[in-house]
Structures are given as structure tokens and as C-alpha cells.
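Subject: Structure handover

Hello,

Here is the structure I promised to pass on. Please open it first, then read my notes below.

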Amino acid sequence: MPFGPASRLGVSLFDETPPIERVPGGSNEDAETIIKAVYRQVLGNAYVMESERLAVPESQFKRGELSVREFVRAVAKSDLYLSRFADCPRYRFIELNFRHLLGRAPNSYEEMKAHSAILDAGDFGAEIDSYIDSDEYQSVFGENIVPYIRGYKTEAISHMVGFTHTFQLVRGASTSSLKADLAGKTPKLNSLVINATPTPVVPPGTTFRNPPVGARVRLGVGASEGGKVFRIEVTGYRSKAVNRISQFRRSNQVYLVPFDKLSEEYQRIHKQGGVIASITPV
């Protein structure tokens with residue numbers, strides 16, 4: 001079950017759509033549906049032109065020579081995948097591989113280091129195989145189920161950090177891995193995974209990005225000396241850039257506020273049109 005109302009978290013389509021599975025005796029139309037679903041999942045919901053499609057693996061899949069799992073492998077190891085994602089910084093590439101091939105965010109820094117070590121050896125194919133040949137992939141998807149986004153679900157022995165990080169990687173069913181994300185090719189989870197830091201779960205439309213340390217603002221004289229200090233994460237501010245691409249582009253900020261200034265700061269943020277994503281004690 002997803003945490004909270006699925007429609008408010010942008011995962012209702014994932015929650016309401018059953019996994020797509022290849023069954024014996026399926027028609028050519030069924031095979032085409034599976035092929036399109038694999039492209040959509042493995043390529044991060046990106047648009048694929050007809051000329052970009054992998055004619056040979058598609059034909060092998062339709063003839064029954066490739067299982068769904070092997071067709072996923074063919075797409076993920078193709079030049080099509082490589083051209084879209086392999087030039088991302090290493091940890092961004094790894095976190096996207098988790099999204100595309102296992103349907104979740106990485107759970108720990110140890111997971112990311114293990115995949116980084118594979119890339120250190122210079123073997124792109126081995127990095128892809130490490131997901132598809134994993135016990136996790138086999139137990140969840142097997143040979144004939146198309147991978148799907150699943151990290152938003154609360155499950156037994158699941159990781160809270162990985163659960164909240166999934167919402168950083170997937171901002172609704174209509175978003176893609178790169179173009180619909182303000183982070184673009186910049187790593188989103190690197191420092192968060194290293195420090196095992198969960199993130200606020202905010203609905204699509206209130207985009208929040210963890211800012212660099214230099215962007216944080218400490219307010220109030222003696223804020224760190226007496227009384228409690230609260231960390232306020234704010235999103236929803238309109239970008240003030242003159243040559244912005246869209247008037248709806250969002251910016252965000254983090255404030256460290258002493259307790260006696262909390263109410264005043266709360267009112268100021270709302271007057272300026274900000275949306276408070278979370279308030280936590282420091």
C-alpha cells in the first residue's frame with residue numbers, strides 16, 4: 001500500500017495499474033504492449049522515436065527468443081540507454097539505474113558503493129547485469145514481468161530512507177527521469193544516501209530539492225546558543241530569474257529558525273507565497 005492518498009502523492013497511476021506480464025499464447029498486440037512498457041520503464045518515461053527502437057531485440061522478443069527480462073537487458077545495455085544516461089555523473093547514473101531496473105531508490109550508501117566499484121572496472125554491461133541478475137529482480141519480476149515503480153509502497157523490512165528517496169526520483173507518472181526534473185543530470189541522492197537522511201514527501205507541483213549547504217540561511221541572533229532551533233524546508237517560490245524558461249519553475253530554501261521566531265517566520269513564508277514542506281527540530 002502507498003503511504004497516504006496515492007492521488008496526492010502522484011503515484012495513483014502506478015498503484016492502480018497492475019504489473020504487465022507476458023503470458024503463454026499472447027498475441028502480437030500483447031507483445032507490442034509489453035515492448036512499449038519496457039521502453040517506458042527502462043528509459044525513465046522518455047519519448048522514444050520510431051527510428052530509435054531496437055528492431056532486432058524486438059523481433060527476437062516477438063518470436064519468443066527473448067523473455068521480458070532479457071528484452072529489458074537488451075534495452076538497458078543498448079546505445080539508446082547509454083546515450084541518454086551514461087554521461088550523467090556516476091551516482092546520478094546509479095540512482096537512475098535503481099529507478100529504471102528495480103523500481104526503487106537505493107537503500108544505502110553501501111549499495112551505491114558496490115555499483116560504483118563495478119563502474120570503476122570500466123564495465124558498463126556488468127553494471128546493468130548486476131541489477132537484472134540480482135536475487136531481488138528475480139524474486140520481484142522474474143522472467144516475464146515488466147519492471148515497475150514500486151519503491152513508494154510501504155512493505156515489511158523496507159527502508160524508510162529508500163522509501164522517501166523514491167519520491168525524489170519519481171515525481172508522478174507523467175514525469176521523466178531527466179527532462180521533468182529540475183535536477184537534470186545532477187545527483188539528487190548522493191549526500192542524502194551517504195548520511196542516511198530521509199527527505200520530505202511532498203505532492204507533485206511543490207517541487208523541493210535539497211539545497212547546497214551554502215544556500216541555507218540561519219535567522220535570529222544567538223539561534224544556536226539558547227532554546228530550540230527548527231529547520232524549515234520551503235518550496236513553491238516562483239523563480240525571479242529574468243530569462244527563466246517558465247514562470248512556473250520552482251525554487252526552494254531552508255531556514256534555521258529559533259523557537260521564539262517560528263511563528264513570525266511561518267507567517268512571512270506564507271505571505272510570500274511559499275509552501276512549507278516540513279518543520280523539524282535541529
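Contact here means heavy atoms within 4.5 Å. With that in mind, take helices H3 and H5. Ile34, Ile35, Val38, Tyr39 and Val42 in H3 meet Val68, Phe71, Val72, Val75 and Ala76 in H5. By class, this contact has 10 nonpolar residues, no polar ones and no charged ones.

Before going further, please note that this is a predicted model.

The chain as a whole

The chain has 282 residues, and 45% of them are buried. Its secondary structure comes to 13 helices and 4 strands. Consider the contacts with a separation of 6 or more: 71% of them join residues 24 or more positions apart. The accessible surface is about 14,700 Å². Carbon and sulfur atoms hold 54% of that surface.

More on H3 and H5

Two packed helices are described by the angle between their axes and the distance between the axes. H3 covers residues 28-42, and H5 covers residues 68-76. They pack at an angle of about 45°, with their axes 10 Å apart. H3 and H5 are therefore oblique to each other. Their crossing is right-handed.

H3 also holds Glu32. Is Glu32 buried or exposed? Its relative accessibility is 19%, so Glu32 counts as buried, because the cut-off for buried is under 20%. Which residues does Glu32 contact, leaving aside its neighbours within four places in sequence? They are Arg53 and Lys62.

Asn45 lies in the loop between H3 and helix H4, which covers 55-62. Its phi is near 65°. That is a positive value in a residue other than glycine. At 25% relative accessibility, Asn45 counts as partly exposed.

H7 and H8

H7 takes in residues 90-102 and H8 residues 109-120. The angle between them is about 110°, and their axes are 10 Å apart. H7 and H8 are therefore roughly perpendicular to each other, because angles of 65 to 115 degrees count that way. The crossing of H7 and H8 is right-handed.

Which residues meet here? From H7 come Arg90, Tyr91, Phe93, Ile94, Glu95 and Phe98. From H8 come Tyr109, Glu111, Met112, Lys113, His115, Ser116, Leu119 and Asp120. By class, this contact has 7 nonpolar, 2 polar and 5 charged residues.

Ala114 is also in H8. Its relative accessibility is 42%, so Ala114 counts as partly exposed. How far apart are Ala114 and Ser130 in sequence and in space? They are 16 residues apart in sequence and 9.8 Å apart in space, C-alpha to C-alpha.

H11

Last, look at helix H11, residues 160-169. Of its 10 residues, 9 are buried, so H11 is largely enclosed by the rest of the structure. The buried residues are Val161, Gly162, Phe163, Thr164, His165, Thr166, Phe167, Gln168 and Leu169.

To look again

Start with the H3 and H5 contact, with its 10 nonpolar residues. Then turn to the H7 and H8 contact, with its 5 charged residues. Finish at H11, which is largely enclosed by the rest of the structure.

Best wishes

Conventions
Residues are numbered from 1 along each chain as its sequence is written. This is a predicted model: local features need pLDDT of at least 70, side-chain atom pairs count only at pLDDT 80 or more; totals for chains, interfaces and linings use all residues. Side-chain values use heavy atoms; hydrogens and water are left out. Axes are lines fitted to C-alpha atoms, for helices over the stretch in contact, and angles run from 0 to 180 degrees between N-to-C directions. Helices (H or I, at least four residues) and strands (E, at least two) are DSSP runs, numbered from the N terminus. Angles under 35 degrees count as roughly parallel, over 145 as roughly antiparallel, 65 to 115 as roughly perpendicular and the rest as oblique. A crossing is left-handed if the near helix is turned anticlockwise from the far one by less than a right angle, and right-handed if clockwise. Ala, Val, Leu, Ile, Met, Phe, Trp, Tyr, Cys and Pro count as nonpolar, Asp, Glu, Lys and Arg as charged, and the others, Gly among them, as polar. Buried means under 20% relative accessible area, exposed over 50%, partly exposed in between (1.4 Å probe, protein chains only). Accessible areas come from the Shrake-Rupley method with a 1.4 Å probe; for residues, only the protein chains shown count as cover.
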